[in-house]
Structures are given as C-alpha cells and as structure tokens.
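I opened the notebook to record what I looked up in this structure. The entries follow the order in which I checked things.

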Amino acid sequence: LNENKYDIYERDHQCFRDARHQALSILTKGHLLQCVKCKNTFTPTFFVENTLSEKLRSYGIDTTLTPQPVGSTEERKLSCMTDAQLDVAAYSYMYDFHSENGQLPVHIANTQWADDEFRSLLREHRFEYHDMWHRYTCFKKGCECRFMFPFLARKSTVIDEEEDEFDINAIQWNRLSDPKTVWLSPWLLTPQRELGSEYVNTYNYALSEIFNCNTNVQIGDIWQIYYSTLYGSKSTQQEDSDRVQRILYAVSRRLQKLEEDIHLGRKLFMTPEDSFTSGLSVVLSGLRAATSRHVVSATMAHLI
C-alpha cells in the first residue's frame with residue numbers, strides 16, 4: 001500500500017485505531033499520512049485542500065491555508081473557505097448545474113462557482129467525508145467509531161469474512177436446493193480505497209449528484225441487509241419538520257425586523273435588487289420544491 005511515486009505513506013495500524021477512539025482521535029487530529037522524506041504528518045484533507053487551492057489560483061484567487069486552531073475539537077471541513085460557503089456550494093449544486101434548459105449557471109458572480117469540477121469536489125467533501133473528530137452518534141455503542149472510520153487504503157475490492165475455528169458467529173442460510181441449510185460466516189464487501197480517502201464514504205456518484213445528500217453504500221451478509229432495511233425505513237418525521245420550522249422561524253423574525261425598520265424610518269423601501277429579497281426568494285422556492293410533491297418516500301415506510 002505504501003508504494004507510490006509521491007512518497008506518501010499511511011502511518012501504522014495503531015494510529016488508525018487511535019483515530020477511531022473517542023478520546024484518542026482528538027490527539028491524532030486525523031494525521032494518518034506521512035511523508036517519507038520530511039517525516040511530516042498530515043490529514044487526508046490535505047489533498048483536497050491543495051486541489052482546491054490550485055483550482056482557485058487558476059482563477060487568480062490567492063488562498064492561504066489556515067491550520068486548525070490548537071486544542072480545538074470543532075470540525076473544520078476546509079480551511080480555504082467557511083462552512084457556510086461549503087454548504088451553499090453543495091446544496092445548490094443541483095439547482096445550478098441541472099436546470100431545465102440544460103444551460104450552465106450564468107447568474108453566479110464568481111467564476112469558480114460555475115466550474116462543475118470545482119463544485120463537484122466541494123459537494124463530495126461536504127456530503128461524503130466523515131468528520132475526523134467524529135460525532136456523538138459515532139460512539140452510541142462504545143468508545144470506538146461504530147462506522148469504523150478511518151479505513152485503511154486497499155489495492156483491490158475484497159470480501160472480508162469473520163472466520164474462526166468453531167464458527168461461533170456463523171449464520172444459517174436456507175436454500176431452495178440441496179443442501180437446504182448452510183452455515184456461512186459473517187462477511188462484508190470492502191471496496192478498493194485509494195490513499196487519501198481514509199475518511200470517505202463508499203458512495204454512489206450519480207445519486208450524490210442528483211439528490212445532493214450523503215449516500216453510504218454497503219453490501220454484506222444477512223445482518224447487513226437487516227440493518228439497512230431498518231435504517232432505510234426508520235421515522236425521520238421529527239428531524240425533517242424541525243429543519244423546516246427553524247427556517248420558517250428565522251424568516252419570520254427577519255420579516256418582523258424589516259417591518260420594524262420601515263415603521264421607524266430606518267429603511268424606506270425595498271427594491272428588487274435588495275439582497276434579502278433575492279435570498280428570501282431562494283429560501284422559499286427551496287422549501288416549496290421540497291414540500292410540494294406528494295411522494296411516499298422510504299422514510300414513510302414505518303407507517304405502512
């Protein structure tokens with residue numbers, strides 16, 4: 001795995017084990033890679049940062065990478081832009097690059113935001129990159145990340161089987177042909193993984209592009225199928241409604257403040273060029289697009 005022309009190496013297995021730990025991951029800071037020449041360690045995000053910086057410099061934009069503050073445990077998705085900019089780039093990708101007339105976005109002021117390759121990289125990093133600091137849900141079942149991030153790089157796709165001498169964890173499979181019953185060890189399909197993608201989900205590019213969301217693809221034994229079925233049909237009604245309610249509350253507060261400013265004479269009138277007007281239009285159109293279709297989604301299956 002550690003044979004490449006860039007002389008970039010993955011650190012030892014203990015470092016990866018520490019990076020999965022609730023407390024030790026704070027100490028490793030995601031530094032899983034090392035240069036054989038200078039011995040410096042760095043995170044897999046370093047590749048993304050350099051690619052984005054080169055892209056921005058090609059547009060004449062100088063970016064200075066700012067390191068993660070010492071002692072901070074808060075997520076810094078990218079150091080060359082704010083988290084808000086990354087969110088906008090990811091969530092608006094579908095609106096900008098898949099319009100009904102098929103034209104490229106011309107309403108964007110900054111040229112780099114109309115670059116499909118640049119925006120795709122931002123979208124994938126926003127949705128498919130596991131937080132190096134993890135989240136509280138990672139440790140619901142113990143002190144190590146239950147999603148097993150980060151993963152070691154692999155040269156090829158393999159089937160990992162949990163075999164032991166006495167087949168303690170073997171699973172019974174019923175067949176239509178003889179033998180009618182077989183016992184198989186638990187297994188999981190582990191795909192090829194490039195160096196630098198230790199924190200990246202196994203995702204579907206087409207689904208990620210169309211739906212602008214996280215797509216974590218997994219294939220395994222019957223327990224994996226059982227888990228995926230339960231996860232895909234769980235109720236998310238409370239979480240979905242909370243997001244809409246927060247947006248509506250923020251819009252309502254902003255409209256009340258605007259009405260007060262007009263009433264007190266601090267603002268005389270609004271024009272079509274007003275940034276708040278255009279921003280409100282985008283927010284409301286997004287809410288309408290998300291709530292105007294009568295579709296029974298997978299997350300409604302719990303009611304069937």
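The notes below go from the whole chain to a sheet and then to a helix.

Entry 1, the chain. I noted first that the model is predicted. I counted 10 helices and 7 strands in the protein chain. The chain has 304 residues, and 29% of them count as buried.

Entry 2, a sheet. I found an open sheet of 3 strands in the order S1-S2-S3, paired antiparallel. Strand S1 (8-10) and strand S3 (41-42) are its edge strands, since each pairs on one side only. I then looked at S1 and strand S2 (residues 33-35), which run antiparallel and are joined by 3 bridges. Which residue in S2 is the bridge partner of tyrosine 9? I found glutamine 34 there.

I located H6 at residues 116-128, which makes 13 residues. From its first C-alpha to its last, H6 reaches 17 Å, close to the 18 Å expected at 1.5 Å a residue. At the start of H6, I saw a side-chain oxygen of aspartate 115 within 3.0 Å of the backbone nitrogen of glutamate 117. I listed the buried residues of H6, among them Phe118, Leu122, Phe127, Arg119 and Glu124. What do the buried residues of H6 pack against? I noted helix H3 (45-58), helix H4 (83-91), helix H5 (93-97) and helix H7 (205-211).

Terms used:
Residues are numbered from 1 along each chain as its sequence is written. This is a predicted model: local features need pLDDT of at least 70, side-chain atom pairs count only at pLDDT 80 or more; totals for chains, interfaces and linings use all residues. Side-chain values use heavy atoms; hydrogens and water are left out. Two strands pair if DSSP finds at least two bridges between them. Helices (H or I, at least four residues) and strands (E, at least two) are DSSP runs, numbered from the N terminus. Buried means under 20% relative accessible area, exposed over 50%, partly exposed in between (1.4 Å probe, protein chains only). The expected span of a helix is 1.5 Å times one less than its number of residues. Contact means heavy atoms within 4.5 Å. A polar contact is a pair of N or O atoms within 3.5 Å; within protein, one must be able to donate a hydrogen and the other to accept it, and residues adjacent in sequence count only if both atoms are side-chain atoms.
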